[in-house]
Amino acid sequence: MRPSARSLSCLTMVLVAVATVCLAVSTVAQELSFRNAPASAAQMKNPYEGHAGAAAAGKKLYGQNCAQCHGNNLQGMGPAPTLINPATQKAKAGELFWFITNGDLNKGMPSWAGLPKPQRWQIVTFLESKFNEGIRLQ
Ligand code: HEC
């Protein structure tokens with residue numbers, strides 16, 4: 001093999017390897033985290049999981065704080081997206097809690113750290129109850 005051909009095939013192998021690793025890392029990252037939530041967020045447990053009273057309280061809070069942007073039926077309005085999308089529905093309760101707490105200020109999603117913690121969990125419980133009712137985007 002001429003040296004130039006050998007170094008070319010070496011380079012190809014390196015490029016293929018790098019591309020494979022990049023693809024694997026981005027796939028794992030997408031699967032593991034909702035909106036780049038840290039792993040510690042995913043581990044937080046919803047203290048009200050499946051609790052109908054908390055979902056009802058969360059529904060009221062959603063109406064007061066979220067519906068003006070995300071719509072009464074989570075359908076999205078104006079620049080705010082629908083919450084009925086696969087990423088949000090697959091997000092872990094702790095990741096939703098984390099995202100609601102921090103918001104994404106540059107993109108127009110406010111931080112709700114000012115709402116007491118139990119109220120933020122109630123909103124998460126409400127959202128999950130809607131997802132469990134089978135609301136689907138299709
Ligand atoms: C002032 C308008 C506004 C209000 C009020 C608001 N949001 Fe948002 N929200 C946004 C926008 C805009 C985005 C999209 C941000 C982006 O694209 O990064 C967003 C994104 C989200 C997302 C992520 C959706 C996704 O697919 O990534 C969730 C979950 C969410 N909001 C929940 C809530 C909840 C719960 C409340 C009430 C406590 C709320 N939002 C109140 C504007 C709002």
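Helices here are DSSP runs of H or I with at least four residues, strands are DSSP runs of E with at least two, and both are numbered from the N terminus. Residues are numbered from 1 along each chain as its sequence is written. The model is a predicted one, in which local features need pLDDT of at least 70 and side-chain atom pairs count only at pLDDT 80 or more, while totals for chains, interfaces and linings use all residues.

**The whole chain**

Begin with the chain in cartoon view, where you will find 7 helices and 0 strands, in the order α-α-α-α-α-α-α along the sequence. A residue is called buried if 20 or more other C-beta atoms lie within 10 Å of its own, exposed if 12 or fewer do, and partly exposed in between, with the C-beta atoms placed from the backbone. Of the 138 residues in the chain, 22% are buried.

**Two loops**

Select Arg-35, in the loop between α1 (3–32) and α2, which has a positive phi of about 55° although it is not a glycine. Arg-35 counts as partly exposed because it has 15 C-beta neighbours inside 10 Å. Next select Leu-74, in the loop between α4 and α5, which also is not a glycine and has a positive phi of about 65°. Is Leu-74 buried or exposed? Leu-74 is buried, because 21 other C-beta atoms lie within 10 Å.

**Helix α6**

Now select α6 (93–102), a mostly covered helix in which 8 of the 10 residues are buried. The buried residues are Ala-93, Gly-94, Glu-95, Leu-96, Phe-97, Trp-98, Phe-99 and Ile-100, and they pack against α2 (39–43) and α7 (117–132). After α6 comes Gly-103, whose phi is positive, near 65°.

**The nonpolar core**

A nonpolar core is a set of buried Ala, Val, Leu, Ile, Met, Phe, Trp, Tyr and Cys residues joined through C-beta atoms within 7 Å. In the largest such core, which has 22 residues, Leu-96, Phe-97, Ile-123, Val-124 and Leu-127 touch the most other members. The elements that give two or more residues to this core are α3, α6 and α7, and α6 gives the most, with 6 residues. Two residues are in contact if their C-beta atoms, placed from the backbone, lie within 7 Å. If you select Leu-127 and leave aside residues up to four places away in sequence, you will find that it touches Leu-83 and Leu-96.

**Where α3 meets α7**

Show α3 (residues 52–65) together with α7, which pack at an angle of about 100° with their axes 7 Å apart; the axes are lines fitted to C-alpha atoms over the stretch in contact, and angles run from 0 to 180 degrees between N-to-C directions. The angle makes α3 roughly perpendicular to α7, a term used for 65 to 115 degrees. On the α3 side the contact includes Ala-54, Gly-58 and Tyr-62, and on the α7 side it includes Gln-122, Phe-126 and Ser-129.

**The ligand**

Finally, select the ligand and the 23 residues that surround it, of which the closest are Cys-66, Cys-69, Lys-107, Gly-108 and Met-109; a residue is near a molecule if its C-beta atom, placed from the backbone, lies within 6 Å of it. Which helices each supply at least two residues of this shell? They are α4 (67–70), α5 (86–90) and α6.

Conventions
Parallel < 35°, antiparallel > 145°, perpendicular 65-115°, else oblique.
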